[in-house]
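Subject: Structure handover

Hello,

Here is the structure you asked about. My notes on it follow below.

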Amino acid sequence: MSDHVMNRRHFVKLSAGAALAGVRCRSARRRPNILFIMSDDHACQAVSCYNSRINRTPNIDRIAAEGVRFSNSFCTNAICAPGRATLLTGTYSHMNGQIDNKVTFDGNQPTFIKILQAAGYETALVGKWHLKSDPTGFDYWNILPDQGHYYTPDFIEMGVKSRRKGYVTDLTTDIALGWLDQRKGDKPFCLLLHHKAPHRNWMPAPRHYPFNRNARFPVPENFFDDYSGRSAAAREQEMEIARHMLLCNDLKIPLTPAELSTPEGQSDERIWRSSYERLTPEQRQAWDAAYQPIIDDFRSRSLKGRELALWKYQRYLEDYTATVAAVDENIGRVLDYLDTAGLRQDTLVIYTSDNGFFLGEHGWFDKRFMYEESLRTPLVIRYPRGIAPGRLCEEMALNIDLAPTFLDYAGVAIPEEIQGESLRPVLSGQPPTHWRQSFYYHYYEYPGAHMVKRHYG
Ligand code: SGN
């Protein structure tokens with residue numbers, strides 16, 4: 001048994017002891033509320049407190065400035081459903097069974113949210129879920145089916161599906177704030193506010209188009225990577241901006257009849273229709289008016305080769321950063337709400353993403369690979385009553401760590417089965433002497449979208 005494991009076991013016992021002590025000496029009201037905000041595919045390269053060169057995120061930065069920013073936070077399998085299962089259970093994919101997006105999450109297994117609920121927390125989940133089975137352990141849930149839609153999305157509220165007018169990031173926040181506002185009694189809460197954005201196909205809110213139009217985003221040095229010196233997996237993927245990004249669905253350029261005559265063109269158009277058809281007639285008018293100049297400009301230029309790839313990169317980032325802008329604004333709304341409701345001091349707020357994302361590095365979009373850009377995640381945490389502001393944590397934090405961290409702050413014993421470590425000592429500025437120096441990563445979804453080979457490290 002390594003020192004590290006010994007430390008953890010010892011620590012678990014201490015935590016359990018602290019939990020009991022907590023029941024005696026702390027009033028239930030002082031257990032922190034937990035507000036767990038997460039987005040989908042938000043790369044560190046697009047967060048300004050992580051030195052983004054492409055956009056500003058003042059509200060996420062605010063959490064970091066008033067709390068802690070982790071500079072080495074990683075996911076252990078860079079894809080959506082596995083990431084969410086790991087966050088809930090505090091275990092790796094091979095333990096919780098959610099190895100890819102295809103299998104259905106076994107909601108009978110223990111999760112931090114069930115433990116918090118049993119310990120007297122009021123629990124809720126709003127937004128993206130993607131685990132196929134119905135959520136368990138939540139007093140209230142209102143989720144997007146599957147990937148969700150940017151416009152006029154369907155929500156499933158406690159099993160009942162209905163369609164809502166509006167933009168998904170705003171609506172998700174509205175529902176979350178509505179739930180917070182109707183709470184009665186003095187139980188602490190744990191709310192999971194999980195955004196769809198900035199997931200593909202990156203459709204901005206009306207207030208954000210044209211967004212960053214004509215911005216010149218710096219091009220990553222390895223944008224024209226030839227993948228030499230690496231295994232075939234790097235060459236054989238299907239996530240290159242130049243070759244695999246869809247002109248219509250991803251880049252919002254309607255196809256010409258010639259382009260539409262191919263099976264690829266037909267599929268691209270079909271996917272786009274399923275999003276575009278959700279816009280109201282007024283929204284379509286505004287959308288078309290905003291995108292027409294882009295379309296005209298593109299069609300007038302007949303770009304090819306490297307120029308076309310670079311154009312796609314710029315176009316991609318215009319929409320990606322616009323969807324991030326809505327996430328950031330809505331985080332601002334939530335932080336303001338906590339202030340006005342007097343919840344600021346006693347609420348642990350965390351912002352992260354399920355995984356990172358490629359924003360042109362190696363010429364790619366999407367995630368999956370065990371490369372810096374996709375496995376690194378933004379992680380900022382604020383808790384005025386318990387965490388000193390303005391610190392940078394360089395210790396390695398993993399997505400298996402959040403479940404034990406929440407339990408630790410709630411004063412509840414951390415089950416042995418949890419494979420992560422509570423970040424609480426790190427957050428308090430007193431990391432254990434033998435903090436991890438390495439971790440395990442395993443990606444399983446092959447064959448599948450983007451054709452990234454199975455790999456581990
Ligand atoms: C969809 C996307 C992919 C994305 C997967 C998984 N294609 O298939 O680009 O990798 O979801 O994403 S799309 O044309 O439908 O947008 S994940 O976030 O759920 O893991």
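The lining of the second largest pocket has 5 nonpolar, 4 polar and 5 charged residues. Note before going on that this is a predicted model. The space in this pocket comes to about 320 Å³. Its lining counts 14 residues; Met245, Leu246, Leu247, Glu264 and Asp268 are the closest to the centre. Two elements give two or more residues to this lining: helix H8 (241-244) and H10. H10 has the largest share, with 4 residues.

**The largest pocket**

The largest pocket holds about 610 Å³ of space. Its lining is made up of 30 residues, and the closest to the centre are Asp146, Gln147, Lys196, His199 and Arg200. By class, the lining divides into 7 nonpolar, 11 polar and 12 charged residues. Which helix gives the largest share of this lining? Helix H10 (residues 263-276) does, with 3 residues. H10 also has the largest share in the second largest pocket, at 4 residues.

**Arg200 and its surroundings**

Arg200 is among the residues closest to the centre of the largest pocket. The peptide bond between Arg200 and Asn201 is cis, with omega at about 15°. Asn201 sits in the loop between strand S8 (189-194) and helix H7 (232-236).

Arg200 also takes part in a salt bridge. The partner is Asp250, at 2.7 Å from N to O. Asp250 is buried, at 1%.

**Salt bridges**

The whole structure has 32 salt bridges.

Take Arg62 and Asp339 to begin with. Their side chains meet at 3.6 Å, N to O. Asp339 is partly exposed, with a relative accessible area of 34%.Arg382 and Glu66 form another salt bridge, with the closest N and O atoms 2.6 Å apart. This pair also links distant parts of the chain, 316 residues apart. Arg382 is in strand S10 (residues 379-382). Glu66 is in the loop between H2 and strand S2 (68-70). Arg382 is buried, with a relative accessible area of 0%. Glu66 counts as partly exposed, at 24%.

How many salt bridges does a search of the whole structure find? It finds 32. Some share partners: Arg62, Glu66, Asp336, Asp339, Arg344 and Arg382 are joined into one network in this way.

**Backbone points to check**

A cis peptide bond also runs from Tyr446 to Pro447, with omega near -5°. Pro447 is in the loop between strand S13 (442-443) and strand S14 (455-456).

For His130, phi is about 70°. His130 is in the loop between strand S4 (122-128) and strand S5 (140-144). Is His130 buried or exposed? His130 counts as buried, at 7% relative accessibility.

For Arg368, phi is about 75°. Arg368 is in the loop between strand S9 (347-353) and helix H13 (372-375). Arg368 also counts as buried, because its relative accessibility is 5%.

That is the handover.

Best wishes

Methods:
Residues numbered from 1 in each chain as written. Predicted model: local features only at pLDDT ≥ 70, side-chain atom pairs only at ≥ 80, totals over all residues. Heavy atoms only, no water. Buried < 20%, exposed > 50% of the residue type's maximum accessible area, 1.4 Å probe, protein only. 1 Å grid on protein atoms, 1.4 Å probe; cavity = no way out; pocket = protein on both sides within 12 Å on 5 of 7 lines; lining within 4 Å. Points joined across faces, edges and corners; volume = space filled by probe spheres on them. Nonpolar A, V, L, I, M, F, W, Y, C, P; charged D, E, K, R; others polar. Salt bridge = Lys/Arg side-chain N within 4 Å of Asp/Glu carboxyl O.
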